[in-house]
Amino acid sequence: MTVAAKVKTEYEAVIGLETHCQLSTKTKIFSSSSTEFGGVPNTNIDPICMGMPGVLPVLNEKVLEYAVKAGLALHCEIAPYSKFDRKQYFYPDLPKNYQISQFDLPIATKGWLEIELVDEAGNSTRKKIGITRLHMEEDAGKLVHGGSDRISGSTYSMVDYNRAGVPLIEIVSEPDLRSGAEAAEYGQELRRIIRYIGVGDGNMQEGSLRCDVNISVRPVGREKFGTKVEIKNMNSFNAIERAINYEIERQIEALENGETIFQETRLWDEGKQCTFSMRMKEGASDYRYFPEPDLPPIEVSRAQLTDWQAELPELPAAKRDRYETELALSPYDARVLTDDKAVAEYFEQTIAAGAAPKQAANWVMGDITAYLKNEQLAIAQIPFQPDNLAELLKLIEAGTISGKIAKDILPELLAKGGSAQQLVESKGLIQISDTGALDRAIDAVLAANPKELEQYRAGKTKLLGFFVGKVMKETGGRADPKLTNELLANKLNG
């Protein structure tokens with residue numbers, strides 16, 4: 001029996017994620033220094049984030065707003081009263097030797113988000129994943145190791161404190177995930193929500209979104225969890241899925257061989273596609289939390305909560321539901337279109353301008369997405385507006401141009417914008433639907449290809465496509481494809 005089969009029939013994984021999300025405020029959580037990414041090291045700093053003696057932190061009001069909105073979007077209970085705490089630990093990237101975080105009274109608790117997995121056949125499965133808590137805290141600085149990408153093997157280390165004091169929310173899931181695919185989808189859905197509500201950019205490459213995975217395995221049917229292992233150092237959702245799948249197999253193999261699984265922190269090696277031990281964990285860390293004496297407690301009024309709730313947009317899951325039920329799109333189409341809020345808005349504006357939903361979906365997901373990827377552009381950067389796309393699709397539907405002509409002129413429209421109707425007219429690309437003109441083109445093609453004509457009439461009927469292609473070439477791609485097929489069939493079979 002394979003390990004994969006054992007996971008399915010004998011063992012199950014128990015997985016939870018701790019996700020740190022940087023908030024997109026202009027200034028830091030307790031000071032006025034910039035949060036801009038990529039600045040010259042140690043330039044976006046100040047006495048507060050550097051922990052100088054005698055300075056006092058002041059909570060950035062925008063951080064509280066963003067944290068509450070994130071909690072509301074995750075269906076959490078927002079605490080009417082919460083506080084900050086000091087989390088004591090000593091590391092070079094933490095200037096104060098403690099971190100201001102939230103411990104026993106976080107801003108949000110008891111939430112959930114829904115993940116949706118779509119299989120190769122297009123069938124979707126939905127599952128709710130619990131959110132234990134969401135709390136605010138400050139980020140630490142960044143260590144840069146010389147001679148190695150980690151402290152082991154390096155010859156020296158430098159610290160960039162630009163990130164110190166950047167506002168974070170930490171979102172802790174319940175151990176409701178059971179596979180690498182579920183964990184990766186959870187992370188992606190969480191990032192979609194964060195981006196939709198505009199509180200963070202979720203850029204994993206820049207460290208704006210960081211996920212730590214807690215994973216154990218146990219025999220199916222047992223309530224008690226197995227020994228938990230933490231995995232760090234993953235910079236993509238694909239890496240999260242692969243690391244979890246590897247760790248599931250590693251732990252099952254160890255159990256099958258009678259080996260002990262130790263509570264430890266492991267790292268993911270992208271090159272070797274495996275996890276390896278970083279440090280052992282003998283017990284829970286004692287951070288010696290105590291209430292932050294320099295910050296007052298936080299009270300969120302019911303009126304403020306109502307206002308922030310009203311400012312939330314339609315969220316990805318609700319949008320997917322609407323696309324499937326009201327627009328009759330497949331789960332796959334709905335998932336692709338709602339992955340990016342700007343793409344979803346472009347699609348919806350195209351429909352509002354009169355385009356059919358399925359046709360608009362196909363063009364947005366197909367040719368337009370391919371163009372954006374090739375040109376490395378966001379959809380908001382192209383001059384080709386949704387009403388321009390709707391106009392193009394109406395020209396196809398009306399038979400004014402063929403789909404092929406539309407695809408031929410699309411790159412110019414995407415690059416320059418403007419009216420599809422005017423471009424078609426200026427280039428003389430209006431589709432030929434006149435039977436007399438098509439008959440003449442067909443007669444010319446048949447006269448020029450007597451050998452293929454003889455083969456067709458001898459039974460090689462697949463040559464119909466050959467003749468259609470020749471007619472399209474003869475007419476510069478302007479022949480009505482449907483009418484051309486009908487006229488050709490009549491002449492060839494006559």
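**Cavity, strands and cores**

Q: How much space lies in the largest cavity?
A: About 40 Å³. Keep in mind that this is a predicted model.

Q: How many cavities of 30 Å³ or more does a search of the whole structure find?
A: The search finds 1.

Q: Which residues line the largest cavity?
A: Cys49, the run Asp93, Leu94, Pro95 and Lys96, then Tyr98, then Glu138, Asp139, Ala140 and Gly141, and finally Ala164.

Q: And how does that lining split by class?
A: It has 6 nonpolar residues, 4 charged and 1 polar.

Q: Switching to strands. Are the faces of β4 covered or open?
A: Covered, on both sides. β4 spans residues 85-88. Asp85 and Lys87 are buried on one side, and Arg86 and Gln88 are buried on the other.

Q: Which strands pair with β4?
A: β5, residues 98-101, pairs with β4 in the antiparallel sense over 4 bridges. β15, residues 290-291, is also antiparallel to β4, with 2 bridges.

Q: What are the bridge partners of Lys87 and Arg86?
A: Lys87 has Gln99 in β5. Arg86 has Phe290 in β15.

Q: Next, β6 and β7. In what sense do they pair, and over how many bridges?
A: Antiparallel, over 10 bridges. β6 covers residues 108-118 and β7 covers 124-138. Thr109 stands opposite Arg133 in β7.

Q: Which residue in their hairpin takes a positive phi?
A: Gly122, with phi near 90°. The hairpin has 5 residues between the strands.

Q: How many bridges join β7 to β10?
A: There are 7, and the two strands run antiparallel. β10 is residues 167-173. Ile131 has Ser173 in β10 as its bridge partner.

Q: On to packing. Which residues have the most contacts inside the largest nonpolar core?
A: Ile169 and Tyr186, in a core of 64 residues. Helix α2, residues 61-73, gives the largest share of this core, with 8 residues.

Q: Is there a second core, or what else is there?
A: A separate core of 37 residues, including Leu392, Leu393, Leu413 and Leu423.

Q: Back to Tyr186. What is it in contact with, leaving aside neighbours within four places in sequence?
A: Leu17, Thr19, Leu113, Ile115, Ile129, Ile131, Ile171, Ser173 and Leu177.

Terms used
Residues are numbered from 1 along each chain as its sequence is written. This is a predicted model: local features need pLDDT of at least 70, side-chain atom pairs count only at pLDDT 80 or more; totals for chains, interfaces and linings use all residues. Side-chain values use heavy atoms; hydrogens and water are left out. On a 1 Å grid over the protein atoms alone, a cavity is a set of points where a 1.4 Å probe fits but cannot get out, and a pocket is an open set with protein on both sides within 12 Å along at least five of seven lines; lining residues have an atom within 4 Å of a point. Grid points are joined across faces, edges and corners, and a volume is the space filled by probe spheres set on the points. Ala, Val, Leu, Ile, Met, Phe, Trp, Tyr, Cys and Pro count as nonpolar, Asp, Glu, Lys and Arg as charged, and the others, Gly among them, as polar. Buried means under 20% relative accessible area, exposed over 50%, partly exposed in between (1.4 Å probe, protein chains only). Two strands pair if DSSP finds at least two bridges between them. A nonpolar core is a set of buried Ala, Val, Leu, Ile, Met, Phe, Trp, Tyr and Cys residues joined through side-chain atoms within 4.5 Å. Contact means heavy atoms within 4.5 Å.
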